4 protein chains.
Amino acid sequence: MNPLRVVVWGENIHEQQDAAVAAIYPQGMHGAIAEGIRGFLPAAEVSTATLQEPEHGLSAERLATTDVLTWWGHRGHAEVSDEVAERVQRRVLEGMGLIVLHSGHYSKIFKRLMGTTCSLTWRVAGERERLWVCNPGHPIAEGIDRNFELPQEETYGEPFVVPTPDEQVFISWFEGGEVFRSGCCWRRGNGRIFYFQPGHEIYPTYFDRNIRRVIANAVAWARPHGRWVDSCPNAKISPERARLSSPGV
Amino acid sequence: MNPLRVVVWGENIHEQQDAAVAAIYPQGMHGAIAEGIRGFLPAAEVSTATLQEPEHGLSAERLATTDVLTWWGHRGHAEVSDEVAERVQRRVLEGMGLIVLHSGHYSKIFKRLMGTTCSLTWRVAGERERLWVCNPGHPIAEGIDRNFELPQEETYGEPFVVPTPDEQVFISWFEGGEVFRSGCCWRRGNGRIFYFQPGHEIYPTYFDRNIRRVIANAVAWARPHGRWVDSCPNAKISPERARLSSPGV
Amino acid sequence: MNPLRVVVWGENIHEQQDAAVAAIYPQGMHGAIAEGIRGFLPAAEVSTATLQEPEHGLSAERLATTDVLTWWGHRGHAEVSDEVAERVQRRVLEGMGLIVLHSGHYSKIFKRLMGTTCSLTWRVAGERERLWVCNPGHPIAEGIDRNFELPQEETYGEPFVVPTPDEQVFISWFEGGEVFRSGCCWRRGNGRIFYFQPGHEIYPTYFDRNIRRVIANAVAWARPHGRWVDSCPNAKISPERARLSSPGV
Amino acid sequence: MNPLRVVVWGENIHEQQDAAVAAIYPQGMHGAIAEGIRGFLPAAEVSTATLQEPEHGLSAERLATTDVLTWWGHRGHAEVSDEVAERVQRRVLEGMGLIVLHSGHYSKIFKRLMGTTCSLTWRVAGERERLWVCNPGHPIAEGIDRNFELPQEETYGEPFVVPTPDEQVFISWFEGGEVFRSGCCWRRGNGRIFYFQPGHEIYPTYFDRNIRRVIANAVAWARPHGRWVDSCPNAKISPERARLSSPGV
């Protein structure tokens with residue numbers, strides 16, 4: 001098997017505009033996410049891309065050789081060009097894996113793939129979050145205990161307006177009284193999609209060992225299993241069959 | 001439309017053996033559940049059946065004229081005859097609705113329909129439970145606010161070993177730190193199934209107005225939409241088609 | 001219950017440009033579809049709308065009072081404004097039913113809701129189509145025999161690039177050797193969606209009694225079950241809860 | 001990775017009782033199926049087991065070291081002991097893959113896992129079958145063209161009374177006019193299940209190269225991704241949490 005080619009995409013805005021975020025993530029949030037994946041998947045080729053690069057760092061050429069893309073965005077959702085969003089969607093349907101992180105629930109690419117509003121309830125109150133594993137045998141939960149905690153995270157709550165997930169891997173408990181489907185799998189076309197809720201910019205979530213393990217597991221799980229460039233072909237009838245549809249039969 | 005015919009099944013053991021339960025539910029848990037359904041669905045014909053009756057009160061004749069069955073069982077799961085469990089399963093597949101309550105997750109009938117262990121994690125610690133609505137537009141959540149609370153319930157926790165629900169209506173938060181998929185829908189054959197978690201025998205849960213509303217909503221949602229007595233027919237080929245499969249064509 | 005308010009949307013291009021189609025559908029395809037629904041659902045309020053009207057006949061006001069929308073489009077998919085497509089999507093997520101017909105598989109609205117390419121294989125060869133019922137107890141199949149035939153239809157074939165349907169109601173057999181998932185259900189947000197494959201413009205499909213019955217059944221099935229205008233609320237923490245997240249606890 | 005351990009189970013009755021079947025399958029149907037898997041998965045350890053062996057060749061010890069089990073049964077469904085059926089079910093829920101072949105749709109193990117009748121329509125008329133790939137990128141369809149044909153097979157038809165498959169890989173066309181969901185995936189607990197329809201005993205189906213490829217692909221796809229021996233644990237509350245549920249809070 002060739003090495004898994006992973007692109008970690010970050011919008012890279014909070015880190016530039018907010019000193020508190022820059023202090024936590026001196027290499028950017030994408031830097032920390034990429035580091036975590038490299039730690040658990042040393043054979044993978046992990047690179048990063050950001051909103052500010054030409055084509056947001058996601059040229060057709062680069063996407064064509066990407067196996068799994070991770071996506072963190074928030075303030076800059078609207079700045080992502082429709083063309084790039086559509087390009088990413090097309091690649092997912094062909095087989096590229098996609099890991100959508102935290103506020104990426106409102107990204108163009110996630111909303112396009114889900115077909116729903118992807119809304120949720122939220123609150124920034126520094127609450128403790130406990131993530132429960134719903135299927136201990138799932139590859140994305142490998143190496144994770146029955147649950148694990150983050151001392152402080154943004155609270156996300158139901159209703160989470162997405163199609164019923166194909167598989168529910170995590171559900172979170174928040175000390176303020178909310179629950180949230182924090183780890184969800186879907187297949188779309190030939191691609192695998194995983195949404196993972198933790199990762200508010202003002203907390204050091206992407207340095208947490210469990211979080212890094214889950215993201216790396218998800219990247220491995222979402223690797224392509226074939227490529228399918230679909231079209232809408234006009235299928236010619238075989239001469240043998242054509243007889244059948246002729247008048248008189 | 002004919003009136004909806006509802007049978008509320010209760011195993012009726014705790015009420016007979018435990019004075020504390022009898023004090024809370026002097027008419028039996030099934031009595032309280034039936035009363036709640038009648039309150040919200042006054043046009044329905046609601047009757048009860050218990051484990052101790054001949055055929056557990058679920059003769060073939062009675063089931064044949066039942067539209068929706070609710071099921072509460074716990075200590076007596078093993079006492080339910082395989083014959084009756086199979087009969088109920090067959091009726092669900094034909095179109096009868098089934099509402100499985102609380103510890104009914106381990107009933108023969110629910111395990112048969114799910115095909116999985118239906119295990120979960122549990123603790124009796126009188127913890128507060130908060131039920132969140134995952135789809136405010138779902139008929140089972142009609143009239144229910146964004147969430148509601150029960151002051152004390154048995155804590156159920158993930159993993160809940162069931163097939164991915166078709167629709168997730170409720171997820172619960174427990175003050176001790178657990179979460180649970182407390183309201184789940186499935187279709188099997190032509191029947192609709194709803195599992196609803198609250199209802200430990202030592203709490204007055206089935207007198208709670210929200211709980212009663214949800215159960216009544218579920219009963220209305222699970223009403224049959226047609227009847228389908230499936231078989232495994234040997235389908236004769238039409239003479240016209242038979243030509244096609246004869247040698248030489 | 002108030003009468004069901006149904007809008008039958010037709011792009012109304014083939015009927016204007018192609019004499020053969022105009023001859024089959026002198027009132028337009030939308031006219032024939034509307035007539036069929038009225039025949040089986042006499043209490044419904046059925047009106048039509050076309051691409052050529054202002055806002056394609058789908059103003060915000062009209063959509064707000066529409067319970068179920070049916071959609072036939074083909075040549076004019078690109079002429080539907082993004083604004084109207086988004087408006088329809090929003091209404092479906094709120095609870096409006098949507099019935100997508102035939103070449104509507106490539107409409108903006110269907111692709112938005114599915115999140116996939118919605119491609120398929122096709123051939124116009126006047127082949128016989130036989131539609132099989134996959135669940136005889138499903139409300140959309142009510143009154144339909146085990147299968148029914150259309151003497152000539154456009155052949156659609158797999159792969160049909162959509163998310164796995166929640167329920168499979170019909171699968172079609174074509175005499176030229178293709179199969180197709182011709183009747184599929186999905187829920188998205190609070191809305192119900194049914195895709196139904198028959199209806200190529202050069203055949204009198206929408207006069208067929210079985211086809212009319214299925215579409216009317218689907219309209220009844222897709223009626224709203226509540227309305228849910230979702231938002232993305234910032235949920236304030238209660239003072240009681242706030243204690244919990246303060247340092248020191 | 002350790003070599004994949006595959007057990008090919010055959011009821012081995014037709015081969016013993018019917019000379020025509022014995023002539024086609026001199027090593028038994030299980031022998032031909034095992035040979036096919038070995039051909040495409042040379043690194044796998046493939047063995048066979050039959051109904052007539054003690055415990056049907058499926059002792060607890062053997063199952064505990066089996067990664068994927070394939071199942072062909074027909075005349076002897078009732079002879080499979082409930083104990084072995086339950087043991088197989090338990091192993092699937094722990095993570096063992098299960099490939100159910102042809103008339104195995106009516107086996108105890110498949111019906112237990114599906115929870116439905118698993119009925120279908122059938123006809124033995126030597127009709128041509130054409131299997132269509134519904135997702136060309138699915139690992140089970142790897143190496144398979146858009147469709148492939150079997151010159152003669154038993155005709156299976158809808159309705160196929162199973163829960164909606166998680167993924168539809170194949171749908172079949174039969175020359176006599178039937179369609180059938182011939183390749184279906186489900187997850188149950190931690191196990192993957194694939195049902196594959198071809199394989200009537202009087203045709204040499206299990207020597208067909210495409211059939212062998214699909215079965216080998218399915219075996220590889222269904223390999224365990226972890227093991228999960230679930231229980232129903234009483235989860236003790238932590239002392240810290242216990243405070244929360246004490247009266248007065």
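Tutor: Happy to! This is a predicted model. Let's begin with chains A and D: rotating by 180° with 0.0 Å of shift along the axis superposes chain A on chain D, with an RMSD of 0.0 Å.

Student: What relation is that?

Tutor: That is the relation of a two-fold axis.

Student: Okay, which residue of chain A comes closest to the rotation axis?

Tutor: That would be A:Asp166, whose C-alpha is 3.7 Å from the axis.

Student: And how many residues does the contact take from chain A and from chain D?

Tutor: There are 12 residues from chain A and 12 residues from chain D. On the side of chain A that touches chain D, three are nonpolar, six are polar and three are charged.

Student: Why do the copies meet through the same surface?

Tutor: Because 100% of the interface residues of chain A are also interface residues in chain D.

Student: Nice. Switching topic: how many residues of chain C are in contact with chain A?

Tutor: Here 35 residues of chain C contact 35 residues of chain A.

Student: Which elements of chain C give two or more residues to that side?

Tutor: Those are α6 (108-114), β5 (121-133) and α8 (239-245) of chain C. The largest share comes from β5(C), which gives six residues to the side touching chain A.

Student: And what about the residue classes there?

Tutor: The side of chain C that touches chain A has 14 nonpolar, 13 polar and eight charged residues.

Conventions: Residues are numbered from 1 along each chain as its sequence is written. Chains are lettered from A and ligands numbered from 1 in the order in which they are written. This is a predicted model: local features need pLDDT of at least 70, side-chain atom pairs count only at pLDDT 80 or more; totals for chains, interfaces and linings use all residues. Two residues are in contact if their C-beta atoms, placed from the backbone, lie within 7 Å. Ala, Val, Leu, Ile, Met, Phe, Trp, Tyr, Cys and Pro count as nonpolar, Asp, Glu, Lys and Arg as charged, and the others, Gly among them, as polar. Copies are superposed by least squares on the C-alpha atoms of residues with pLDDT of at least 70 in both. Helices (H or I, at least four residues) and strands (E, at least two) are DSSP runs, numbered from the N terminus.
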